[in-house]
Amino acid sequence: MEEYLSPSPPAPLTSIDERLSAAANLGLRGLNISPCPTCYNLSLAVFKDMDLPETGFLDCFDGTYAGWSYDNGFNLLRLNYKHLRGSEFLGCHFCKFLVGVIHTFNPNPLPIDYMICLELEDEGLIQVGLDPLTFDSDSVECRLDIYRPEHLELGQYEPGYGHIPARRDLKPPDSEESFDFLKSCLKTCIETHDLCRQTPSSPPRRLLHIGSPGDSWVNLYEPPADFREPYVALSYCWGGDVRLKTLRENIHCLMQGFRLAQLPAAVKDAAYLTRKLGVKYLWVDALCIVQDSKADWEEQSAKMCSIYERSYLTILASTAGSAGVSFLSHSFRPSEYRFRVDNGSNAVLVARTVCRNGSHYGIDNTAPPDPIITRGWTLQELVLATRTISYSTEELQWQCKSVRDCECKVIRFGMNGVYDYQAPILWAGKSQLEVFDMWDQIVQTYTQRQLSHPEDKLPALSGVCQLIHKLYGWRYVAGLWEEALIYHLLWSRSSEDPVLPPQYRAPSFSWTSVDCAVGCFSLYPVDEKTVLQEARLIDFTILLAGADPYGQVMPGSSLTMAGKLIQDMELIGPRRDLTYDIPSLGKHGHFTADVGLETFYFKDSSGLLQRSVRRSAGDSDKGLESGSTVALFMLVRIEYKAMGEERKFLVLGVSPSDHRAYERLGVVTIQEGDGEKDPSKIPDQNIIII
């Protein structure tokens with residue numbers, strides 16, 4: 001349900017005859033046709049000039065229309081389908097176009113709660129239904145983009161259609177029109193974007209030499225250190241085992257050469273585009289990393305940052321669910337309705353369903369996502385690359401360090417401003433707070449993706465970590481950053497059915513220690529609250545499992561912290577969704593555990609039998625015994641300007657592997673006045689979390 005600003009009382013109504021007379025006398029914006037008082041020529045600017053009062057709200061009690069205008073620039077006009085039918089017969093081409101749109105995209109007869117939504121560039125939305133005063137965003141069944149084809153020039157007799165945005169028709173991904181879009185974006189970026197300038201640097205260890213168009217053979221190539229020729233990188237979904245990959249047993253054969261036809265379909269498509277761009281080298285992980293060599297894999301994984309950052313272009317095979325699927329032969333494009341104005345002119349109006357994938361995904365989640373945005377490894381490839389072209393389901397989409405663009409040219413506009421569902425672009429010069437926020441966005445996006453090998457949880461993001469360290473010099477702590485450690489420790493589970501890996505992957509304080517989507521603590525909005533740290537980091541130890549300083553870690557990794565610890569807090573539960581209660585904290589004393597919890601027994605340093613609470617493995621049939629207790633470690637105190645104060649604590653249990661240390665179980669928030677103990681009166685002490 002959309003939430004609107006409280007409307008002011010409507011302005012006095014004028015008769016339809018008065019509004020027709022006013023429309024006939026309006027010479028708005030140089031149009032030589034009169035604005036229609038029913039559809040306003042599909043112009044929100046015309047609506048505002050004709051009828052919208054300064055109050056920013058207007059409705060007509062006969063159900064003809066309703067309109068809103070907001071301070072953030074967003075405008076909304078709702079039209080009655082029945083009145084469009086009447087105006088159509090009076091000769092309004094725009095009303096006739098809208099009636100055709102309704103007949104094309106909606107069922108017959110039209111349900112009372114049915115509504116289409118037309119998106120207008122830079123202005124807002126026009127919605128059409130049977131009752132403009134009652135329908136809401138939940139009843140929107142179809143979102144459409146309205147435009148005129150940019151290849152059709154408006155003649156001297158059609159200036160009245162110039163306010164409709166000119167856009168390109170969407171052609172198949174292997175068309176010359178789509179390739180022209182790629183070349184145009186690439187040319188603009190290379191010639192004008194200072195942020196995207198690349199300095200010469202050492203090449204990747206291996207590249208695929210693909211030669212020139214017409215060559216039927218390719219070969220694996222190890223460039224010398226002074227190699228400076230451009231190369232293109234490919235980001236794609238493996239989708240299981242790749243039929244051709246580099247192994248220790250075949251690397252010499254691949255370097256001697258093999259047929260282009262042996263490449264998987266997605267790689268073959270990338271080779272075709274690379275050649276067409278005039279580039280002779282392609283980087284593909286399956287071929288440029290020796291897949292059965294742990295040493296080579298770790299070495300090249302640690303260089304992902306430079307490999308994608310320094311590539312001339314990164315191609316995203318977004319629609320290919322596996323390496324064996326072609327992304328150039330993908331033919332789906334949005335449905336459309338084309339209307340030629342029947343007044344002897346060349347004016348053409350088009351309504352097409354909005355693109356809902358790639359950078360637009362999240363506006364309408366009923367569409368299945370591009371396969372590439374469901375995979376964990378591909379996120380950092382998008383974030384790291386200097387330039388990317390995504391072959392998405394409905395169109396090509398461009399992203400570089402300076403701009404984002406797409407073939408449909410539609411900016412999603414919502415009630416609170418422009419929507420943006422893409423991964424953040426990292427570059428130097430950002431404030432510390434901005435980088436914290438970008439990292440949180442990356443973590444939240446990344447944890448919703450899947451990995452074929454769960455042990456890749458840390459390595460699949462190591463390139464992004466390399467970049468942040470290079471740009472800002474921050475110290476990495478197994479998925480967290482020392483410079484924001486207190487805040488990063490406040491991550492919480494945001495999805496159901498979390499999984500505790502059967503083998504150790506990361507210390508319990510890291511979100512990488514569990515498999516689930518997570519949410520991060522935000523310092524925003526900074527003008528509404530003050531966040532005070534109540535704990536401090538004394539030291540940390542991260543034991544690396546390999547050569548990559550941002551890769552896999554081993555048991556023994558830990559934090560040593562100082563702060564206020566409240567012990568022996570009884571725990572009961574779980575309720576639904578693994579929610580547990582701490583009764584002594586009052587009605588707000590409940591929290592969502594990272595995973596299921598269970599009671600376990602151990603002997604303390606004196607040999608006495610004790611019990612505590614730990615994370616429960618997925619196959620465990622144990623639960624929480626009555627009287628089990630946990631400890632609370634205070635991390636932050638938040639003072640809100642418009643409300644009271646709250647405190648956030650880590651919920652800890654004694655570690656089963658080291659009884660002198662603790663392990664994380666979750667995070668609990670306590671409101672001001674809740675709880676039997678006042679944390680401010682508890683002295684600080686040092687604890688270890690593993």
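Which elements do the buried residues of H13 pack against? In this predicted model, they pack against H9, helix H10 (304-309), H11, helix H12 (432-446), strand E21 (476-477) and strand E22 (480-481). Helix H13 itself covers residues 462-472, and its buried residues are Ser-462, Gly-463, Val-464, Cys-465, Gln-466, Leu-467 and Ile-468. After H13 comes Gly-473, with a positive phi near 75 degrees.

Before going further, a word on confidence. The protein chain has an average pLDDT of 85, and 83% of the residues score at least 70. Two stretches call for some care. Residues 1-32 have a pLDDT below 50, and this stretch makes 49 contacts in the model beyond near neighbours in sequence. For residues 413-421 the pLDDT is again below 50, with 25 contacts beyond near neighbours in sequence.

Next up is the largest pocket, which holds about 810 Å³ of space. It is lined by 28 residues, and those closest to its centre are Trp-238, Trp-297, Trp-377, His-453 and Asp-456. Helix H9 (294-301) and helix H11 (377-384) are the elements that give two or more residues to this lining. Both H9 and H11 also turn up among the elements that the buried residues of H13 pack against.

Quite a list of H4 residues is buried: Phe-94, Cys-95, Phe-97, Leu-98, Val-99, Gly-100, Val-101, Ile-102 and Phe-105.

Gln-448 sits in the loop between H12 and H13. This residue counts as exposed because its relative accessibility is 56%, over the 50% cut-off. Its C-alpha lies 7.9 Å from that of Val-518, although the two residues are 70 apart in sequence. Tyr-40, in turn, belongs to the loop between helix H1 (16-25) and helix H2 (44-50). With a relative accessibility of 0%, Tyr-40 counts as buried, since the cut-off for that label is under 20%. Between Tyr-40 and Leu-77 there are 9.6 Å from C-alpha to C-alpha, and the pair is 37 residues apart in sequence.

Methods
Residues are numbered from 1 along each chain as its sequence is written. This is a predicted model: local features need pLDDT of at least 70, side-chain atom pairs count only at pLDDT 80 or more; totals for chains, interfaces and linings use all residues. Side-chain values use heavy atoms; hydrogens and water are left out. pLDDT is the predictor's confidence in each residue, from 0 to 100. Contact means heavy atoms within 4.5 Å. On a 1 Å grid over the protein atoms alone, a cavity is a set of points where a 1.4 Å probe fits but cannot get out, and a pocket is an open set with protein on both sides within 12 Å along at least five of seven lines; lining residues have an atom within 4 Å of a point. Grid points are joined across faces, edges and corners, and a volume is the space filled by probe spheres set on the points. Helices (H or I, at least four residues) and strands (E, at least two) are DSSP runs, numbered from the N terminus. Buried means under 20% relative accessible area, exposed over 50%, partly exposed in between (1.4 Å probe, protein chains only).
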